[in-house]
2 protein chains.
Amino acid sequence: MRASMLSDWLAQRIERTGGQPIYRQLYGLLQQAILSRELPAGTKVPSSRLLASELGLGRNTVTQVYEQLALEGYVWSATGQGTFVSDSAPDEIVGADSAAHDTAPAEPRVLSARGARLLQGAGVSQRQGGAFMPGVPDVSRFPAAVWSRLQSKYWRRLPPDLLTYAPGGGSPKLRQVLADYLRTSRSVHCTPEQIIVTTGIHQSVDLAVRLLSDSGDVIWTEDPCYWGVRSVLQVSGLSLKAIPVDAEGINPSADDLADPPKLMLVTPSHQYPLGMVMSLARRRMLLEFARQNGCWIIEDDYDSEFRYGSRPLASLQGLDTAGQVIYVGSFGKTLFPGLRIGYIVVPEGLSTSFATASAELYREGQLLQQAVLAEFIAEGHFTSHIRRMRGIYGQRRQILLDTIRKRYGDALQIVGGDAGLHLVLRLPNGVDDREVAKAALAINIVVRPLSGYFLRREEGMSGLLIGYGCVAEDEIEPAFEKLATVLDPALAGRG
Amino acid sequence: MRASMLSDWLAQRIERTGGQPIYRQLYGLLQQAILSRELPAGTKVPSSRLLASELGLGRNTVTQVYEQLALEGYVWSATGQGTFVSDSAPDEIVGADSAAHDTAPAEPRVLSARGARLLQGAGVSQRQGGAFMPGVPDVSRFPAAVWSRLQSKYWRRLPPDLLTYAPGGGSPKLRQVLADYLRTSRSVHCTPEQIIVTTGIHQSVDLAVRLLSDSGDVIWTEDPCYWGVRSVLQVSGLSLKAIPVDAEGINPSADDLADPPKLMLVTPSHQYPLGMVMSLARRRMLLEFARQNGCWIIEDDYDSEFRYGSRPLASLQGLDTAGQVIYVGSFGKTLFPGLRIGYIVVPEGLSTSFATASAELYREGQLLQQAVLAEFIAEGHFTSHIRRMRGIYGQRRQILLDTIRKRYGDALQIVGGDAGLHLVLRLPNGVDDREVAKAALAINIVVRPLSGYFLRREEGMSGLLIGYGCVAEDEIEPAFEKLATVLDPALAGRG
């Protein structure tokens, strides 16, 4: 429509009697003409004086409508030149479907495909402690007084550069202390520069997969594995291939080996959640396979500090001569989860890339907290805390084992109890572990169904993850008896 | 090339006299044949015995070359079956540019495409303060004693649940206090449940784009814009469309409006880095456009607390009646960058999804620090700190403005000085701002080249971001005089 035809077009549509107020009608019709592109962007509209006269309206009415449209960005005025339909106005908004206005606008309130999948598969719990939450340490035993004293000391002297953004990689002091600790306790060989301080396993894995893989690349994960890392991998666009585990750890078939992935993520020192230790033969095989095929291995060394009886094997990273292992760990279980300090050890030659990317992507800070942690470790509080907690957790584990045996004898198999903060109580096939977990939650007992950790649902084994880390000694037996009240009917009802 | 032709191909290229050692030549030629895909992945190469005999070489030479190639991932051997060109070997690495080989050895340990792009575009600086680092507040004025006292109080009484993982969304107390603060100071309308506590703008944007968009979706960003967020968007697989800004803020053309994006990211209260305020008309237009097309608007309300003179406009979120604005902010500039506490305000109906996804993806903690912050705000320390800092920054800004005027009069335009912690000194076209910034860094003065903030390089304007937030009053003039020693020759030398 040309601007000169506007008054005719409007005159035909304005209802002089019985309709809405004229002001309202005129506003609505002009808006519609602009939105439907009847009046294209850039069109000069008639002056308010002219339009008012052609339509037989008061000039004030037209002026007010023009002002309202200008306020909302539909038109704009240039002094002395007139009023124009905005360039940048919502002129392309509705397209052909002008019927859409009256009802609902387009429905934007949906999650993206990756967002919906993330939420659908979310494993996170509202509960963060109590019987029998797996993976949560007893934070009440944390030496708060020591920590608080070190922290206050830093706040008193306060070097201002501890309050700014972290230069990529984190506190140099912490990286130095960590390199020593990892070498002596985990046989991880690295310089301080190869260590990038992160907020934990999630961020470490996120950083590694974003730098080392592209959307659509394949990553092998153990099946079963930790749900949280699975979510991080999926949302980064990786294609997950679930590889079964056997008594020696991840166990790729000949077909799997014929089709090498870009990355793999393994838990050699203590498979999560089943607890087996990867054999030395399997470790060497994986390293050789990775070397031949240029794959990256992410070694998640969670929980390796808490072993009862057996000595831990050295890390996979320590066996790696080709620079293909990315080692990740955190202080969430050894100190307290809310601390959010973890680390990633990268091969030589990648440290600058990782440090820069970490600063660029996450804009990290928390240097003061990292300095406190460095001092906490350097003064020996870390190792003595671990030693103390290993004793406490070992005792709780024993109470739980005794309680289970007393109740079920050898009828139910217990796996994964040699290390970490939980064990797995296997249930006979046919018992729906998700139903048991749900019934337990209803009586305020948290257990996690083992089948939920499997990516290949059809392979999922029935069982319960029972955490003992954050349950006081005298609460373990009563809580387990409570759990048994929902477990017994499930065991009786199968078949 | 078929494997049977390999020995002819090699024979033509090996220089028997005067060249490199035969071993070295054979290795280089085979590497080249594999990298250039003359020998495709999966090709079975001749046995060492056969190749040695066809080329008239010692078998040991060939065996050693094969072993070296296997070690580097170019080929692999299956016992009894022969030697094959690797599938996932570095065959895609170098592409056509085979000149690179002779120098660099096989390098399968390369970054992913997204990782390489991220590093190539990385804007992060090694420097985190000093004249004239933009975007960094003066952390030496932070009321450390107050903060430390509140912190010690929490550590003394220590409710253990402050040390565990955060339930999705963060500290309820902080969310409550924040809802009040944002309503009164920024006209943001939300319940505490709509606020998700994050580690800052980067994480807020990461969360939003992962939940609301998929890889390949288009996002509009202002051009110029903040490099850090740009990196977060790119690494999430989004396709960035740079939209120019004018005096009223982001200014999409009719063509842009005809092709609505999935999301847009804007800085309405203070365009970053140019500083203009988005007009009300433009705001209404954007909101209407987003409503009609189901786009999401991410409103980055950084720095809105520091305005000198003018009152801030209300947030875009406060004008949004359709629930399409995602509002993000942080305490990095108002308190200290290393704190790593930010927030995202989501429309009603999305709060549970965002809270769950945040816990699932980032496994957040830091509840104790969040509780300290909540008390810091509730006790009034936050607003009085902002008031004090606004006075200090206002004074520094004035000193800088006076210094620039004294030196350059009106020859150089100053933009964006009404708010925030930096201003932009425009340079005439033809002056290479990157070169000026580089020369300044060499004499220990940090300025950032304005052209580096443009996504469309050809549109980039020349200028310098000059931060005054973290420069003491008496250092501003001397530092600017130092800067002038590299700026003057650049200004003189143009044309």
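**Strands and interface**

Q: Which residue of β11(B) stands opposite G329(B)?
A: In this predicted model, the residue of β11(B) that stands opposite G329(B) is Y343(B).

Q: OK, and how do the two strands there pair, parallel or antiparallel?
A: The pairing of β10(B) with β11 of chain B, which covers residues 342–345, is antiparallel and runs over 4 bridges.

Q: What about β9 of chain B, in which sense does that one pair with β10(B)?
A: Strand β9 of chain B, residues 296–300, pairs with β10(B) in the parallel sense, again with 4 bridges. Within that pairing, E299(B) has Y327(B) of β10(B) as its bridge partner.

Q: Switching to the interface: how many residues of chain B are in contact with chain A?
A: On the chain B side 98 residues are in contact, and they meet 94 residues of chain A. The area buried between the two chains is about 8,200 Å², with carbon and sulfur atoms giving 56% of that area.

Q: And how many salt bridges does the rule find across it?
A: The rule finds 2 salt bridges across the interface of chain B and chain A. A salt bridge between the two chains joins the side chains of R210(A) and D206(B), at 3.1 Å from N to O.

Q: Which helix gives the most to the side of chain B that touches chain A?
A: That is helix α11 of chain B, residues 280–293, which gives 10 residues to the side touching chain A. Taken as a whole, that side of chain B divides into 49 nonpolar, 33 polar and 16 charged residues.

Q: How many residue pairs are in polar contact between the chains?
A: The count between chain B and chain A is 44 residue pairs in polar contact, with both residues at pLDDT 80 or more.

Q: Last topic, the open sheet in chain A: what is the order of its strands?
A: The 4 strands of this open sheet in chain A follow the order β12-β13-β15-β14, and their pairing is antiparallel. At the edges are β12 (414–415) and β14 (448–449) of chain A, each of which pairs on one side only.

Q: How many bridges are there between β13 and β15 of chain A?
A: Strand β13 of chain A, residues 422–426, and strand β15 of chain A, residues 463–467, pair in the antiparallel sense over 5 bridges. Here L425(A) stands opposite L464(A) in β15(A).

Key: Residues numbered from 1 in each chain as written. Chains lettered and ligands numbered in written order. Predicted model: local features only at pLDDT ≥ 70, side-chain atom pairs only at ≥ 80, totals over all residues. Heavy atoms only, no water. Pairing = 2+ DSSP bridges. Contact = heavy atoms within 4.5 Å. Buried area = accessible area lost by both parts, 1.4 Å probe. Salt bridge = Lys/Arg side-chain N within 4 Å of Asp/Glu carboxyl O. Polar contact = N/O pair within 3.5 Å; in protein donor to acceptor, adjacent residues only side chain to side chain. Nonpolar A, V, L, I, M, F, W, Y, C, P; charged D, E, K, R; others polar.
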